[in-house]
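Reader: I'd like to learn how to read aromatic pairs and helix packing. Can you walk me through a case?

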Amino acid sequence: MTGSASTAVVIVAAGSGSRVGAGTNKVLLPLRGLPVLAWSVRTALALPDVRRLVVVVRPQDRDAVGQALAPHLGDREVLLVDGGATRHASEWAALRVLGPAIEAGEVDVVVVHDAARPLAAPGLWEAVISAARDRGGAIPVVPVTQLLHDDLTAVTEDVGGVQTPQAFLAGEVLSAYRDAARDGFEGTDTAACVATYRQVAVAAVPGSPLNLKVTFAEDVAVAEELSPAAW
């Protein structure tokens, strides 16, 4: 690693958001005067060691996303990358772009975040980045209750729901995705791919119920109510 620690952030915004029922990508919907996507972008750029930010978009959304983010960047730059047909493919597209910087030792941690989680607090970002540097990887986890087994009996054992942002040592996540591309493997999230291909200890850090995912139209209204207290 050359120089000081440096984090690269990948924000995945390449989904259609069809379940929200809007005529546009859900990450462009307004949330207290800002596009949903802008919340995560602003949070990431405010972190002390983030040097690179990649936003993965659908090709047809590139212009709209660029225009939506421009007022919120100041003198910082965000690289827009065309995503793929799946989440995994979109993450791989971003990692290919970051590959040269990772191999040159200019990036030591990569964070992957879902743009549909606009209320992830700065403290959560900092916690996963710190844990990734110490352990190799980190994911936010929240307790899950009121689940049923297949026989409709209550789940009584501890079960956790995984959120984003997820952070990993840069060389490990890049190598994992290269191996996955060779094998045609696709994980459900970043952690699934890294766990399949690398011997990385992934730490669970406390997530938050406030870190909700905007999936349906009513989620935007809930996020509106939570946003003032989210951080």
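Author: Let's start with Phe185, which counts as partly exposed because its relative accessibility is 25% (buried means under 20% relative accessible area, exposed over 50%, partly exposed in between, with a 1.4 Å probe and protein chains only). Keep in mind that this is a predicted model: local features need pLDDT of at least 70, side-chain atom pairs count only at pLDDT 80 or more, and totals for chains, interfaces and linings use all residues. Residues are numbered from 1 along each chain as its sequence is written, and side-chain values use heavy atoms, leaving out hydrogens and water.

Reader: Is Tyr197 buried or exposed?

Author: Tyr197 counts as buried, because its relative accessibility is 19%.

Reader: How do I read a ring pair?

Author: A pair of aromatic rings is described by the distance of the centres and the angle of the planes. This structure holds one aromatic pair. The ring centres of Phe185 and Tyr197 are 5.5 Å apart and the planes are at 75°, so the pair is edge-to-face (rings of Phe, Tyr and Trp, the last by its six-membered ring, pair with centres within 6.5 Å; planes under 30 degrees apart are stacked, over 60 edge-to-face, the rest tilted).

Reader: And two helices?

Author: Two packed helices are described by the angle between their axes and the distance between the axes. Here α3 (residues 87-103) and α5 (residues 170-183) pack at about 130°, axes 9 Å apart. That makes α3 oblique to α5 (under 35 degrees is roughly parallel, over 145 roughly antiparallel, 65 to 115 roughly perpendicular, the rest oblique).

Conventions
Axes are lines fitted to C-alpha atoms, for helices over the stretch in contact, and angles run from 0 to 180 degrees between N-to-C directions. Helices (H or I, at least four residues) and strands (E, at least two) are DSSP runs, numbered from the N terminus.
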